[in-house]
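Please work through the exercises below with the structure open beside you, and try each task before you read its solution.

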Amino acid sequence: MLIDLVRSACECRSHLVVESGTGTGKTVCSLHGALDVCHRRGKKLLYLTRTNSQQRQVMYELRGIRGTRNHFGIALQGRRNMCPLAKVDPELADGNPEELSKVCGERKARVMRGEEDACVYFASVMSQDMQEVTRHLRRELPTAEEFADYCQERTLCPYEATKMHVPAADVVAAPYIMFFDGFIRRTLLDWMGCSLGDIALIVDEAHNLPSYARELKSSKLSEVTLRLAENEIDEFGDPEVAEGTSMSDLVGLLGNSLESAVEEYLIDEDGIIPQSFLEEELMFGTRQTSTKLKGTYSQLSNYGEMVRDARKGAGRLPRSYIHRMAGFLTHWHTLEEGEYVKLVVKSDTSAFEAYCLDASIACKPVLECHSSVHMSGTLRPLDDYVLSVGLPRDSVTAEIESPFPPHNRRIVFVDDVTTRYEDLERDPAIVNRIADHISSIVSACRRNTIIFYPSYATMHRVRPLVAAVEGMQVYTEERSMGQGDLMDAVQQFKSAHGNAVMHAVSGGRVSEGIDFPGDEMELAIIVGIPYPKPTSRHRALQYFCEIKFGDGWTHAVKAPTERKLLQAVGRLIRSETDRGMAVVLDRRAAQFEEVLNASRCDSPAREVLDFFSERSPEDHATSDVYKGLRPGRR
Ligand code: SF4
């Protein structure tokens with residue numbers, strides 16, 4: 001069914017939005033359906049993924065279906081992942097795409113001038129016979145990581161070697177940023193040798209797209225940037241930028257304005273500031289008109305360019321914080337009031353933020369593509385998605401159920417606890433009851449269990465109260481954890497086969513994008529309902545959706561919460577034989593009863609024991625905690 005839907009979307013040049021449950025073979029089916037039409041119509045297939053592991057899956061599936069078609073697919077990643085020099089140089093590793101592009105351009109130019117040691121990897125690409133590389137790419141269809149290893153052995157630049165083969169590729173698998181960032185998209189289209197109208201687009205894990213698109217178009221000016229801008233002025237000079245105002249005066253003025261905004265408008269972690277607050281502060285502080293202020297931003301930008309050139313010339317990352325500041329101020333003063341909200345935010349540091357409310361701004365290029373397919377296991381409500389990313393209202397929508405037996409998964413919820421703020425304030429003992437539920441379930445069940453909390457703050461409040469279970473390892477997803485450390489913890493958790501508990505966050509890195517087949521995870525405990533935090537930013541988004549779509553609650557609150565819940569329980573069943581259970585510890589789950597197919601229960605530990613006993617009673621022994629009730633696995 002999915003193949004036909006995708007084929008027809010490509011054939012009819014339309015947009016398809018499809019929720020396709022676990023086990024429906026989204027990647028392989030969409031490739032099959034789209035490749036048919038692309039081949040006949042001379043179009044290129046651009047497959048966008050959110051994570052590297054999804055991109056790897058695209059290449060594996062392409063290999064699998066190679067027998068039926070002679071296609072050539074290539075996996076693209078940015079320089080930060082692919083450049084061998086960035087892997088060993090922390091300064092380069094910290095560069096953004098534009099900065100790395102400048103460094104790379106400079107080094108390649110030096111190689112072309114005969115300075116081979118400027119980049120030995122590029123020099124090898126220039127001097128080696130690349131035919132063997134071409135054969136390897138066509139024969140093996142390697143993932144980006146596999147190709148990077150292949151190139152490393154031959155001292156070749158994988159980025160340049162990949163780029164040179166893009167024009168011949170029928171399928172390009174790339175991260176979201178390569179399409180949705182205008183600067184990178186133009187480069188990509190150049191390499192592909194085509195226009196947007198020649199591209200059949202697939203957006204995988206599309207439930208991420210609305211928030212991704214909003215973040216991409218948002219920008220910040222933080223206290224840290226201002227401090228680094230001051231250092232830059234110390235190093236490169238302090239010119240006058242307006243009569244009687246030096247550049248350092250201007251940076252100081254911005255810092256003072258930020259402090260005033262924090263004092264006046266911040267509520268908890270953010271606050272909306274009046275539309276012209278910053279502009280008025282700067283006009284008053286520099287005694288300039290609004291028009292003249294724009295001229296000042298140009299001066300900042302020119303100064304920033306000078307700094308970038310000087311740093312590039314010295315072999316450093318061409319970064320300028322003054323340039324960044326100029327870009328932010330120019331954007332801030334020109335942005336559309338209805339599409340953005342101006343905020344002051346404070347977490348580790350304070351900042352001005354222009355937060356984009358309208359995901360359709362970044363998604364506009366999708367409309368110019370030959371066709372597009374947006375798919376995910378958790379995309380409902382589909383109409384909400386269509387409106388959020390600005391697809392035509394007549395886009396095709398479809399829901400394909402998972403083929404796995406529905407009785408392999410059970411979801412229950414309790415109604416004696418909640419993480420609702422007002423209730424927790426009134427009755428702090430609720431936290432203890434939540435911890436008691438978790439302790440009882442985990443000790444009775446003794447299967448690999450992930451506990452998903454609505455926030456790190458709630459996790460830090462509940463976790464210390466959960467009783468340790470003898471012999472069970474405990475892992476935690478911390479916000480500050482590097483990707484490597486988190487993956488190590490996940491790997492150890494998976495290999496514990498029934499003897500581990502992990503504390504994680506709904507909507508975090510563990511709850512999305514990592515598969516836990518078989519006994520790698522059999523029980524999910526969802527603490528609270530992962531509603532978005534009622535911040536000023538979120539209230540502005542809800543208001544924006546109310547005005548634009550006529551229903552702020554559904555678009556900004558209900559739909560994203562449903563998707564987060566479904567993502568978390570979706571980790572349970574990854575194959576036909578998987579069985580798993582989810583317990584939601586919050587009475588508000590009743591509002592999601594239908595979408596979750598959940599039922600109310602009084603004793604979740606007993607329900608869990610019942611569910612797992614149904615499978616193979618002989619595999620179970622009596623639990624210490626629930627001796628006499630039901631057997632639990634030891
Ligand atoms: Fe890095 Fe390759 Fe550019 Fe050299 S050519 S700087 S190795 S990306």
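**Exercise 1.** By about how many helical turns are Glu305 and Arg308 separated in helix H18?

Solution. Keep in mind throughout that the model is predicted. Begin with the positions: Glu305 and Arg308 are three residues apart in helix H18, so they are separated by about one helical turn. An α-helix has 3.6 residues a turn, so residues three or four places apart point the same way. The side chains of Glu305 and Arg308 do meet in a salt bridge, with a distance of 3.5 Å from N to O.

**Exercise 2.** Find which parts of the chain are linked by the salt bridge between Glu98 and Arg308, and state whether each residue is buried or partly exposed.

Solution. First, the closest N and O atoms of Glu98 and Arg308 are 3.3 Å apart. Next, this pair links distant parts of the chain, since Glu98 belongs to helix H7 and Arg308 to helix H18, 210 residues apart. Finally, buried means under 20% relative accessible area, so Arg308, at 8%, counts as buried, whereas Glu98, at 34%, is partly exposed.

How values were computed
Residues are numbered from 1 along each chain as its sequence is written. This is a predicted model: local features need pLDDT of at least 70, side-chain atom pairs count only at pLDDT 80 or more; totals for chains, interfaces and linings use all residues. Side-chain values use heavy atoms; hydrogens and water are left out. A salt bridge is a side-chain nitrogen of Lys or Arg within 4 Å of a carboxyl oxygen of Asp or Glu. Helices (H or I, at least four residues) and strands (E, at least two) are DSSP runs, numbered from the N terminus. Buried means under 20% relative accessible area, exposed over 50%, partly exposed in between (1.4 Å probe, protein chains only).
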